[in-house]
Amino acid sequence: MNNLICTFRPIAGLRFIVEDHQTALLFRHGRFVRTLDAGTHRLWKGGHEVKRIDSREQMLVVQGQELLTADQVAIKVSALATFQVVDALKMYRATDDAIAMLYTEIQLALRQIVAPETAEAFLQTKAAHGAALLTLVTERAAELGLAVHRIDIRDVMLPADLKRSFMSAIQQRQEAQASLEKARAETAALRTLANAAKLMRDNPELLQLRYLQTLQEVGTSMGNTLVLGLTDSERLKAITKM
């Protein structure tokens, strides 16, 4: 891991530059003197040491580590965090490697998040864990002079056999849902047919009108041969006069 602090000893009388994105801590004989502003500086006495610290936003990838869930499933979880140095002097006095400390804190926070949940529950709420991780890490990061802006779960890797089981379960769930939707559609169709049958039973004229409508639809198509039974022709005549 890269350390955020770059140390150099300026030669007396020579100029050096502090960039806008840097915080420079000036020491003399091991004792802190002051913070140097951005720009050109020249020190006339010897024994000085300058520690330049990058104050831009940084990205930290926490590589996948195997963690046990509440149902004793070993999953490998990685995370991605963004942070920056907000108090350079506090960071320098707190640790010699702030990135390594933050990395470890996020690892410990991941264990706290994963341990109480089952593997399936953790996967279902994966997107919500970033906020919980941020809450767990923020206070400790502030003690290191850092501000953590965001933490996200990057990847969750399952054992091969468990991955196959999850895929099978998802497929079965989708098939069951499709069967349920089909059954609902068939039930709705049967209900519609039952209502239509009841209407026609209670109102026989509707059946005759439907019969005439069908004849009209068939008659408008070219090339159809229509055979009519005339046993009820008198009743049809009566309906057409209505």
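Predicted model: local features only at pLDDT ≥ 70, side-chain atom pairs only at ≥ 80, totals over all residues.
Strand 7 and strand 8 (residues 74–85) run antiparallel and are joined by nine bridges. Within this pairing, V62 stands opposite A79 of strand 8.

## The hairpin of strands 3 and 4

A hairpin is formed by strand 3 and strand 4, with two residues between them. H29 sits in the turn and has a positive phi of about 55°. The two strands run antiparallel, and five bridges join strand 3 to strand 4 (residues 31–36). F27 has F32 as its bridge partner in strand 4.

## Aromatic pairs

How many aromatic pairs does the structure hold? There are three. A pair of aromatic rings is described by the distance of the centres and the angle of the planes. For F8 and F16 the ring centres are 5.3 Å apart and the planes stand at 70°. That angle is over 60 degrees, so the pair is edge-to-face. Both F8 and F16 are buried.

F27 and Y92 have ring centres 5.0 Å apart and planes at 55°, so their pair is tilted. Which elements does this pair tie together? F27 lies in strand 3 (residues 22–28) and Y92 in helix 1 (residues 88–94), so the pair connects parts that are 65 residues apart in sequence. F27 has 4% relative accessibility and therefore counts as buried. Y92, at 29% relative accessibility, counts as partly exposed. Ring pairs also bring in F32: F27, F32 and Y92 are linked into a cluster.

K51 belongs to strand 6 (residues 48–54). Is K51 buried or exposed? Its relative accessibility is 7%, so K51 counts as buried. K51 lies over the face of F27, at 5.9 Å from the ring centre. The cut-off for a charge over a ring is 6 Å.

The side chain of K51 also makes a polar contact with the side chain of T7, at 3.4 Å. Which residues does K51 contact, leaving aside its neighbours within four places in sequence? They are I5, C6, T7, T23, A24, L25, F27 and Y92. F27 and Y92, both on that list, are also members of the aromatic cluster.

## The chain as a whole

The chain has seven helices and nine strands. Of its 242 residues, 28% are buried. F8, F16, F27 and K51 are among the buried residues.

Residues 24 or more positions apart account for 69% of them.

Technical notes:
Residues numbered from 1 in each chain as written. Heavy atoms only, no water. Phe/Tyr/Trp six-rings, centres within 6.5 Å; stacked < 30°, edge-to-face > 60°. Buried < 20%, exposed > 50% of the residue type's maximum accessible area, 1.4 Å probe, protein only. Helix = DSSP H or I, 4+ residues; strand = E, 2+ residues; numbered from the N terminus. Lys NZ or Arg CZ within 6 Å of the ring centre and 35° of its normal. Pairing = 2+ DSSP bridges. Polar contact = N/O pair within 3.5 Å; in protein donor to acceptor, adjacent residues only side chain to side chain. Contact = heavy atoms within 4.5 Å.
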